Amino acid sequence: LKNQNNFLPLSKNLTRVHIAGKNAVDIGNQCGGWTISWQGQSGDITLGTSVYHGIKSAVSNSTIVTYTFDGSNAQGADAGILVVGETPYAEGNGDRQDLSLDAQDMAAINNFKAAGIPYVIILISGRPMIIDNVIEDCNAFVAAWLPGTEGQGIADVLFGDYNFTGKLSHSWPRSMNQIPINNGDTNYDPLFPYGFGLTY
């Protein structure tokens, strides 16, 4: 959804990449609901590759890959990769009045901002979330949806082995006040319009 000054694709030969966020190391969160059980579950619910491990296998052997849950200790990294978003749910258990990022995600984002490193946000979610307060400060933003067990696929596009091809099949709202929002609405002003999607 965003790629300021061609920040992506990242080089595989960076000196250090710092990864953060609750969804960087969680197969269950990548899969979402209706996985193994009805509601799904966080954690190692099945075999797979986390986004963190996908990135580790994508970069050169000389690249140092570090991780913190909360985005701390990111200072000095050449690039940051922050993996945030939802935890599993299905049907009514996912109903929410506010689709903003949670406090854990915001704390990690704020730690990256304080570290002063360039960074990309990867959003793991089953629906558009309210991101207007975080998308301005990051260098790139990727809506990864629920990628399933293979986080390597996210690394493949981050580091340029494959191009991004996805286009939004719906409009992305700026705020909860815009929900529902549809192409053709009076005063149509989404954060991203129907059909939007960047490529390299």
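Visitor: Start with F164. Buried or exposed?
Guide: F164 has a relative accessible area of 18%, so it is buried; that word means under 20%, exposed means over 50%, and partly exposed is in between, with a 1.4 Å probe and protein chains only. This is a predicted model, where local features need pLDDT of at least 70, side-chain atom pairs count only at pLDDT 80 or more, and totals for chains, interfaces and linings use all residues. Residues are numbered from 1 along each chain as its sequence is written, and side-chain values use heavy atoms, with hydrogens and water left out.

Visitor: How many aromatic pairs in the whole structure?
Guide: Five. A pair is two rings of Phe, Tyr or Trp (its six-membered ring) with centres within 6.5 Å; planes under 30 degrees apart are stacked, over 60 edge-to-face, the rest tilted.

Visitor: What about W145 and W172?
Guide: Their ring centres are 5.6 Å apart and the planes are at 45°, so this pair is tilted.

Visitor: And how accessible is W172?
Guide: W172 is buried, at 0% relative accessibility, whereas W145 is partly exposed at 29%.

Visitor: Back to F164. How do the rings of F164 and Y200 sit?
Guide: The planes are at 75° and the centres 5.4 Å apart, so the pair is edge-to-face. F164 and Y200 are 36 residues apart, each in the segment after α4. Y200 is partly exposed, with a relative accessible area of 35%.

Technical notes. Helices (H or I, at least four residues) and strands (E, at least two) are DSSP runs, numbered from the N terminus.
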